[in-house]
Amino acid sequence: MPRTPKYMVGFTLIEAIMVMVITGILAAVVASFASPLQGYFAATARADLVDAADTPLRRMGRELHAALPNSVRVSGNYIEFLPTTMGGRYRKEQDCTAVCTGDALSFTAADTSFDVIGSLPRAPVIGEEVVIYNTSSFYVYASNNVAAIAADSTTGNIVFASKQFPLESPGKRFQIIGKPVTYACSGTTLWRYRGYSRQASQPTSIATLDGLAGVVKARLATGVNCTASSFSYMPGATQRADLVTMSLTLSNSSDSVTLLHQVHVQNVP
């Protein structure tokens, strides 16, 4: 009988069974790796969310630790404070052991300078301000106990615009401050605002902050669920160490994380 050409020959039943067995084995191997891979990618995405939330919270915590005592204001998803750059103790009385020397700060009349007890890390510069005995946010934001730094200030003597400070500090302390800073959570973005002048009332809207003269804004985090996030301010039992609580929620297409961070604010003026 004539032979069938080789190119027309099919496969045997044994070959078909072998192919099905091998295919089943490969499918089982792939399935066994699919779940761990999905778990790995999910854990990586969640870690990215945690890092994106943790970084701004830590920065906010560091800056709040260095805030001027009693200058933190919290309203909704807005935190405002005055950052301190330096601080020290002022000379209250002259040294009259032989001849009276030293530039003491007067509280009975307007003054323009005082000596620093010790030395500052650097000389204050124009644009900074000196604050004495801030016991309430009202005083500093109303400029009652604030004077603008003037030229010729040194590490041992501070020169400022003529000012009669209303209250003496029991510890003879003063702080040097910069312009206000606001953290604002709006929509899906956490913003940091700086460079604007002090306002009697806290700015509590993006439109208001954007309209302030000299303001500089920076995006700290995106993908934030500002509706689920919150900031709160709790006065301490002794009114000397208040507590700021910050809850930040970030989410992506498949997951979300919420980080809680609390900062003790030292309010000893």
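Biologist: Which cysteine does cysteine 185 pair with in a disulfide?
Modeller: Cysteine 185 is joined to cysteine 226, with an S to S distance of 2.1 Å, where a disulfide is a pair of cysteine sulfur atoms within 2.5 Å. This is a predicted model, in which local features need pLDDT of at least 70, side-chain atom pairs count only at pLDDT 80 or more, and totals for chains, interfaces and linings use all residues. Residues are numbered from 1 along each chain as its sequence is written, and side-chain values use heavy atoms, with hydrogens and water left out.

Biologist: And how many disulfides in the whole structure?
Modeller: A search of the whole structure finds one. The torsion about the S-S bond of cysteine 185 and cysteine 226 is about -90°, so this disulfide is left-handed.

Biologist: Are those two cysteines buried or exposed?
Modeller: Cysteine 185 is buried at 4% relative accessibility, and cysteine 226 is buried at 6% (buried means under 20% relative accessible area, exposed over 50%, partly exposed in between, with a 1.4 Å probe and protein chains only).

Biologist: Switching topic, where does asparagine 134 sit?
Modeller: Asparagine 134 is in the loop between strand E5 (129-131) and helix H2 (137-141); helices (H or I, at least four residues) and strands (E, at least two) are DSSP runs, numbered from the N terminus. Asparagine 134 counts as buried, at 0% relative accessibility.

Biologist: What does asparagine 134 touch, leaving aside neighbours within four places in sequence?
Modeller: Its contacts (heavy atoms within 4.5 Å) include Leu68, Pro69, Tyr139, Val140 and Pro269.
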